[in-house]
Amino acid sequence: MSSTTASVIAFAADDFLLRQRGELNARRLSYREQCDRLSAAADELAGAGEAPDLGDEQGFAEADSSSVERDRLLSLQAIARQRIEDIDSAVRRLDAGAYGACRTCRQAIPVARLEAVPEATQCVGCASGSILRRR
């Protein structure tokens, strides 16, 4: 393995890391497109709801539902942006040779988990513990 593709996953071959990089890049592109679509839809709703006829009860109700829908779209966009940040972080770990190490226990994250969630930062055990501690 070269120094730029070395990983804490000692048994991971360069082709696995290259596939992971390709998957991360594909997911990033998908989330970027989703952000753009959500932003356009939220902007459209904002433009449509700028001048409701507040004297008309139906116009006021429409403005309110448009506002709720716009907030929903912006929340989804924030989630997609967070996923992009997670993916960018995973690519940086790949570049640094630290890809696949659990941030909590420092053990190798199983390949099957990385294939399912390429941007994973924790092994299943530590991730499960984090969820239980939050409850």
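**Helix α1, burial and cysteines**

In helix α1, the residues F16, L17, Q20, L24, Y31, C35, L38 and A42 are buried (under 20% relative accessible area, with exposed over 50% and partly exposed in between; 1.4 Å probe, protein chains only). This is a predicted model, where local features need pLDDT of at least 70, side-chain atom pairs count only at pLDDT 80 or more, and totals for chains, interfaces and linings use all residues. Residues are numbered from 1 along each chain as its sequence is written, and side-chain values use heavy atoms, leaving out hydrogens and water.

The protein has four helices and zero strands, taken as DSSP runs (H or I, at least four residues, for helices; E, at least two, for strands) numbered from the N terminus. So what does the length check on α1 give? Helix α1 covers residues 14-48, and its 35 residues should span 51 Å at 1.5 Å a residue (1.5 Å times one less than the number of residues). The end C-alpha atoms of α1 are 51 Å apart, which agrees.

Across the 135 residues of the protein, 29% count as buried. The protein exposes about 8,500 Å², with carbon and sulfur atoms supplying 52% of it (Shrake-Rupley, 1.4 Å probe). As for contacts (heavy atoms within 4.5 Å), residues 24 or more positions apart account for 60% of those with a separation of 6 or more.

On to the cysteines. C35 counts as buried because its relative accessibility is 0%. A search of the whole structure turns up zero disulfides (pairs of cysteine sulfur atoms within 2.5 Å). C102 is in no disulfide: the nearest cysteine sulfur, that of C105, sits 3.7 Å away. C102 is also buried, with a relative accessible area of 0%.
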